[in-house]
Amino acid sequence: MSPDRNRLHMAIQKSGRLSDQSRQLLKDAGLRLAQGGKNNLSARAENFPLDLMFVRDDDIPTFVADGVCELGVVGQNVLEEYTLGLTEPRIEEVARLGFGKCSLKIAAPDSLTYFNLKMLAGQRIATSYPRLLARFLDNNGIEADIVTMRGAVELAPRLGIARFICDLVSTGATLEANGLAPVADVFDSEAVLVRTLKPVDGPHSEKVAALLTRIDGVIATAESKYIVLNAPEEALPAITEILPGAEAPTVVPLIGRPGHVAVQAVCQESVFWETLEKLKRAGASAILVMPIEKMMM
Ligand code: PRT
Ligand code: ZN
């Protein structure tokens, strides 16, 4: 790969749990990605000076820390494991992306009827995240033997490699299928946008800032809704209280209905049916909830 220095570079996972949503994020940010074959290592954005590099998730922190890519999308689990091995900061998290959620957990054989962290002392624990596990054990004053495996960690107890494991869990089905049960939470993770801490030159840093603003907009829009409703004036304090994450709603008088107003607000948190029911009970009527297509703060 010989990167074109007039363009930005972003590392995303080539194929795996984060690939589709990483690409979708960029599409939502208005980038048109050139169609390439599945085996392509990179792709150009046609309408923004950005090249995407498709790599293994484990390599993303290195690419970004080294400045080969100014930006990247990676799981906090992979980022933190990498960062714990550095002597000085070389990469920083700039935004949480809300997908790829999982949790690094310690699991024990499900035959175990009682568990206490102290029971880990002197035991062997298999994991692909030795630094995160070592920090957790350290924080809890426990000395145990960490067995590092690159994959198939859940097989370790059956193979007699370790009694306990420490692995990523999302639904818990893999643990269950292997006769294991979660006993302790080590680290919660989701996909994040990362940037290099290597100095980025002038014109480049403007492009980075422009892209980050767009991505911030996409993240804000994902949860946000525009709410319009009618209400008697005296119900306004209660209604403003209920509107999730709405600052300073717009209030306009309703012609022909004295004492009644229309309220408009951007809600930056999820709006559930329960929220609408509460609004109605507080006196609101004609409640409309609309998606927001684009937003720039
Ligand atoms: O080839 P490459 O190295 O890029 O991919 P990979 O196989 O290392 O990674 P991949 O695609 O499996 O995961 C990429 C990232 O997705 C991880 O680093 C996490 O940030 C995130 N993620 C979210 C997960 C999971 N959920 C997840 N459930 N990563 C892995 N798992 C695995 C887990 O290791 C276990 O084997 O899924 C199994 C457990 O799932 P449940 O649903 O049965 O609990
Ligand atoms: Zn990987």
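## Zinc site

In this predicted model, Asp57 (OD) and Asp58 (OD) coordinate the zinc ion (ligand 2) at 2.0 to 2.1 Å; donors are N, O and S atoms within 2.8 Å of the metal (3.2 Å for Na, K and Ca), without water. The arrangement is irregular because the four donor atoms subtend angles of 74 to 176°, whereas four donors count as tetrahedral if all angles lie between 85 and 135 degrees. Asp58 is partly exposed at 39% relative accessibility (between 20% and 50%, with a 1.4 Å probe and protein chains only).

## Surroundings of ligand 1

Ligand 1 has 21 residues around it, of which Arg56, Asn77, Thr171, Gly172 and Thr174 come nearest (a heavy atom within 4 Å). An oxygen atom of ligand 1 lies 2.7 Å from a backbone N or O atom of Gly172. For Arg17, a backbone N or O atom is 2.8 Å from an oxygen atom of the ligand, and for Arg56 a polar side-chain atom is 2.8 Å from one. The protein covers 79% of the 840 Å² of accessible area that ligand 1 has on its own (Shrake-Rupley method, 1.4 Å probe).

## Basis of the model

Residues are numbered from 1 along each chain, and ligands are numbered from 1 in the order written. Local features need pLDDT of at least 70, and side-chain values use heavy atoms.

Terms used
Predicted model: local features only at pLDDT ≥ 70, side-chain atom pairs only at ≥ 80, totals over all residues. Tetrahedral: all angles 85-135°; square planar, octahedral: opposite > 155°, others 65-115°. Polar contact = N/O pair within 3.5 Å; in protein donor to acceptor, adjacent residues only side chain to side chain.
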